[in-house]
Amino acid sequence: MKHIPITPVPMDEVELALFEERKKVYPRTQKGWFASWRWVMVAFTQLLFYGTAWLNWNERQAVLFDLVARKFYIFGIVFWPQDFIYLAVLLVISALSLFLFTAVAGRLFCGYACPQTVYTEIFLWIERKVEGDRNARIKLDTGPLTARKFSLKFVKHFLWLILSLWTGFTFVGYFTPIRELAISVGSFTLGPWETFWFLFYGFATYGNAGWMREQVCKYMCPYARFQSAMFDKDTLIVTYDTERGEPRGSRNKKVDFKAAGLGSCVDCGICVQVCPTGIDIRNGLQYECIACGLCIDGCDQVMDKMGYERGLIRYTTEHALTRKLDNKAMWKRVFRLRTLVYSGILGLIIIVAAVSLVYHVPLKVDVIRDRGMPKITENGEIENVYRLQVMNTQESARRYSVEIQGVKGATILNNVDIDVKSAAAKAFPVRVRVPANVLQTGSNRIRFVVKDLDAPDVSVTEKAVFIVPR
């Protein structure tokens, strides 16, 4: 066997290959259809986030997650820990929606509604207003530290910090009434956990949107890693038409590029300059692509200036490209069995959840039998003691009655009409007696029926056990 010498690779070269220094991305300002929709989503999500916390409903905050009182207010509905099933349903709906949107059109959530994308876009807007567009920012960063550079950087970071702290304040305002929170901030009387989350969420926003930006999408977000499992050849993705665009090259507008052996791509690099993650879509689909469509807007504008047909970079599918499908055939394959199944399951869950909320009984009852031994009275009656907890989830005080069903002759000894304040719970003891020889020795089923005296159709039946000693 012939010996083949192996030349050792210097360690510094190995490190260079494995650990590439981060190159800061300077996204260029871009106008167009997709860019406009991104700003629509920025406005919608931020109005929703910042505005909802200040809405009132029945003299309270409309959306408030009161962890201390274990009550969660969402407009006219009050949820308790026992309503955990609704949180589970919400998570299932979110997951199925993500699967559906990804199967249809890739990372739409990442490109338009992800908090990282939204806040990065806002922070970039502030940066452009203070430092200028792409070339001005590159020139400023590569230049020496001057008074002008220091002042511009100071103003930018100051505005970033103000926005970040306001974001942290709003976040905490969903767990502590935001008006009370504002007073506490103004008087420097914030509690320890409120202070922690106020600063933590604020500086997380500042760090992620101001400094890390595309690094979060490329290296920290798990969605970028498992998206390929939800893509197939009929998923709409941002795609560069290689057959039409290559070979690329610069040329004069008046030149017949086909006669010159060139493709439609003029190699202007705008698609790279406008990309928030700094990738070149002409290299094919990459996991860093967040499907924002800015490269489509940029390329279409260049095609318009050159007098070429739009769509060199466009939303399309792999099958549409390889099989030369028209739009009608492409969309027919987009809404395939997979997406229809996702849509059907998602729609069914949403309908069931909506119906459940509509017919949601605003009353909850828990019954716990006292652990003590049953009492036998002088006339032979058996007495058990129970603890009833009645939760009124309505926005007004209610009066309830308690009845016993399922046991002949069972009576309640103490007063059973109780008043419960709005969105509150009340616990009280209930003494139940049953005549001798009515029930068998041991455990017997018994039912407590709690009714709303002001609304007879609102009632809850709770099962319990009545013990007859031997």
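Q: A salt bridge is a side-chain nitrogen of Lys or Arg lying within 4 Å of a carboxyl oxygen of Asp or Glu. In this predicted model, what is the N to O distance in the salt bridge where the side chains of aspartate 141 and lysine 24 meet?
A: Aspartate 141 belongs to helix H6 (residues 134–142), while lysine 24 sits in the loop between helix H1 (11–18) and helix H2 (33–52), so that the pair links distant parts of the chain, 117 residues apart. Aspartate 141 counts as partly exposed because its relative accessible area is 21%, and lysine 24 is also partly exposed, at 38%. The cut-off for a salt bridge is 4 Å, and the N to O distance for this pair is 3.1 Å.

Q: How many salt bridges does a search of the whole structure find?
A: The pair of aspartate 141 and lysine 24 is part of a network of salt bridges, whose linked residues also include Glu127, Arg137 and Lys153. Another salt bridge joins the side chains of arginine 338 and aspartate 232, at 3.0 Å from N to O. When the whole structure is searched, the number of salt bridges found is 27.

Q: How many residues apart in sequence are the parts that glutamate 121 and arginine 38 tie together?
A: The side chains of glutamate 121 and arginine 38 meet in a salt bridge with an N to O distance of 2.5 Å. Glutamate 121 is buried because its relative accessible area is 9%, and arginine 38 is buried as well, at 3%. Since glutamate 121 lies in helix H5 (residues 115–131) and arginine 38 in helix H2, the pair ties together parts of the chain whose separation in sequence is 83 residues.

Q: Is cysteine 265 buried or exposed, and how far from its sulfur is the closest cysteine sulfur?
A: A residue is called buried when its relative accessible area is under 20%, and cysteine 265, at 6%, therefore counts as buried. Two cysteine sulfur atoms must lie within 2.5 Å to be taken as a disulfide. The closest cysteine sulfur to that of cysteine 265 belongs to cysteine 268 and is too far away for a bond, at 6.5 Å.

Q: To which cysteine does the nearest sulfur to cysteine 295 belong?
A: Cysteine 295 is buried, because its relative accessible area is 10%. This residue is in no disulfide, and the nearest cysteine sulfur, which is 6.2 Å away, belongs to cysteine 292.

Q: Which residue in E7 is the bridge partner of tyrosine 240?
A: Strand E6 (residues 237–240) is covered on both faces, with Ile237 and Thr239 buried on one side and Val238 and Tyr240 buried on the other. Four bridges join E6 to strand E7 (residues 313–316), and the two strands run antiparallel. Within E7, the bridge partner of tyrosine 240 is isoleucine 313.

Q: What is the accessible area, together, of the residues that form the nonpolar patch on the surface?
A: One of the residues in this patch, valine 155, lies in helix H7 (residues 147–172). Valine 155 counts as partly exposed because its relative accessibility is 37%. Taken together, Leu145, Phe150, Phe154, Val155, Phe158, Leu159 and Ile162 have an accessible area of about 730 Å².

Key. Residues are numbered from 1 along each chain as its sequence is written. This is a predicted model: local features need pLDDT of at least 70, side-chain atom pairs count only at pLDDT 80 or more; totals for chains, interfaces and linings use all residues. Side-chain values use heavy atoms; hydrogens and water are left out. Patches are made of residues with over 30% relative accessible area and no salt bridge: like charges are joined within 9 Å, nonpolar side chains (Val, Leu, Ile, Met, Phe, Trp, Tyr) within 5 Å. Accessible areas come from the Shrake-Rupley method with a 1.4 Å probe; for residues, only the protein chains shown count as cover. Buried means under 20% relative accessible area, exposed over 50%, partly exposed in between (1.4 Å probe, protein chains only). Two strands pair if DSSP finds at least two bridges between them.
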